[in-house]
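Good morning, everyone, and thank you for making time for this one. I would like to walk through a single structure with you, beginning with a term that we will need throughout and then moving from the cores to some individual side chains.

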Amino acid sequence: MRRHDRDLAALRRAARGALVLPLVFYLGLEVVGNEYLGLFAAFGAFAVLLLADFTGPMPQRLQAQAALGAAGAVLVCLGTLTSAHPWLAALGMLVVGLPILFAGVVSSILASATPALLLAYVLPACLPAPASAIPERLAGWGLAAVLGLLAVGLLWPTPTTDPLREPAARCLRTTAARIRADVALAAGGPGAPRLAERERAVAAADAAVEQLRLTYLAAPYRPTGLNTVDRTLVRLADELEWLAQVAEQGRPTARAAHDVDPEVHAVELAAADVLDLAARVLHDPGSGSRDLEARVAVLRAAVEALDDHVAGGPAGRSTPAAARSPRSTRRSAPRSSRSPPASSRRTSC
């Protein structure tokens, strides 16, 4: 079952629907005694529990469920007002449906809400009724929205998932390992890795970047939410792909130990430390933040020392390529989207 239903997400939704749908239908039809209230409560529960499936932390999911209930209430009113005339209902479907469908490209939250929002308009629009029927229809939808909100928060809650966070952390770790392998191979010595080991580290880093790219691009919508953290993760995915291109351009061509200025190795090792700590912070934002800030300061100091070393070298000195043009590496690295500020590019390089 887990092979076909990862994290049992479909089973969770089905279980909630099996409990809530009969309950709201019974409350509307038997307790309140209003068939339209029961009908809209049942279809509303079907929409908010089975057609919508929000991801992310629980507070974010509950906010999304509440927003879905509020937006659905507005659409129920619009559908009822247009239901008396078929041409008006069709025109309303055009005006309402297109924005709802295209809003799904913005984030996974809006994409998950699309079928439920469409149903919230289609159902009242297909059942002709005067405006006086809006209160009972709203009562049914509101009952479903409230019980659906409680069901999402209390009945077998779905574990928090973030499709970009783990692939991004893996990219950070493997890129750091690749950088260290390049440095160790160039430095030589008894503990230096063999060329095959360095190539395996490079292949692992490339595979991690490709997996992140597929995770981000394979979905028909952005696999993130709308808050600041989610937007930052989207930006991070772009930056990691750029960083992989920088690492590929700075890859040593020598296949054995060779002379490299110590300042270059200091920058590379400091960058690897920053990437490792960044991966740890991605897993647990509350841990390692101060250590990361300290490592970033060390990296900046190492970059400044490298700049001073290159600028202060005697004229005509043959400086290694990695030390000779740290800024040219930044300029030549192609970007898949907008460039970060100069300080960010400096630290990343």
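This is a predicted model: local features need pLDDT of at least 70, side-chain atom pairs count only at pLDDT 80 or more; totals for chains, interfaces and linings use all residues.

When I say that two residues are in contact, I mean that they have heavy atoms within 4.5 Å. With that in hand, look at Leu292, which, once its neighbours within four places in sequence are left aside, is in contact with Val274, Leu277, Ala278 and Val281.

Residues are numbered from 1 along each chain as its sequence is written, and side-chain values use heavy atoms, with hydrogens and water left out.

Let me turn to the overall layout. The protein chain has 14 helices and zero strands, where helices (H or I, at least four residues) and strands (E, at least two) are DSSP runs, numbered from the N terminus. Of the 349 residues in the protein chain, 40% are buried; here buried means under 20% relative accessible area, exposed means over 50%, and partly exposed is what falls in between, with a 1.4 Å probe and protein chains only. If we take the contacts with a separation of 6 or more, residues 24 or more positions apart account for 78% of them.

Now to the cores, and a nonpolar core here is a set of buried Ala, Val, Leu, Ile, Met, Phe, Trp, Tyr and Cys residues joined through side-chain atoms within 4.5 Å. The largest one has 35 residues, and those with the most contacts inside it are Leu172, Leu240, Leu292 and Leu299, so the leucine we began with is one of these four. At least two residues of this core come from each of α7 (165-187), α8 (195-217), α9 (228-249), α10 (262-283) and α11 (289-311), and α10 gives the most, with twelve residues. Apart from this core lies another, of 32 residues, which includes Val48, Ala52, Ala64 and Leu147.

What does the side chain of Asp273 make a polar contact with? Asp273 lies in helix α10, and its side chain makes a polar contact of 2.7 Å with the side chain of Arg180. By polar contact I mean a pair of N or O atoms within 3.5 Å; within protein, one must be able to donate a hydrogen and the other to accept it, and residues adjacent in sequence count only if both atoms are side-chain atoms. Leaving aside neighbours within four places in sequence, Asp273 is in contact with Arg180 and also with Arg295. Because its relative accessible area is 24%, Asp273 is classed as partly exposed. Asp273 and Ala176 are 97 residues apart along the chain, yet their C-alpha atoms are separated by 7.1 Å.

Arg178, in helix α7, has a relative accessibility of 2% and therefore counts as buried. Its side chain is joined to that of Asp206 by a polar contact of 3.2 Å. Further along α7 we find Ala184, which counts as partly exposed because its relative accessibility is 25%.

Finally, the cavities. On a 1 Å grid over the protein atoms alone, a cavity is a set of points where a 1.4 Å probe fits but cannot get out, and lining residues have an atom within 4 Å of a point; grid points are joined across faces, edges and corners, and a volume is the space filled by probe spheres set on the points. By this rule there is one cavity of 30 Å³ or more, and about 110 Å³ of space lies in the largest cavity. Its lining has 13 residues, of which Arg16, Asp53, Phe54, Gln65 and Val152 are the closest to its centre. Two or more lining residues come from each of α1 (9-32), α2 (35-51) and α3 (58-82), and α3 supplies the largest share, three residues.

Definitions and conventions
On a 1 Å grid over the protein atoms alone, a cavity is a set of points where a 1.4 Å probe fits but cannot get out, and a pocket is an open set with protein on both sides within 12 Å along at least five of seven lines; lining residues have an atom within 4 Å of a point.
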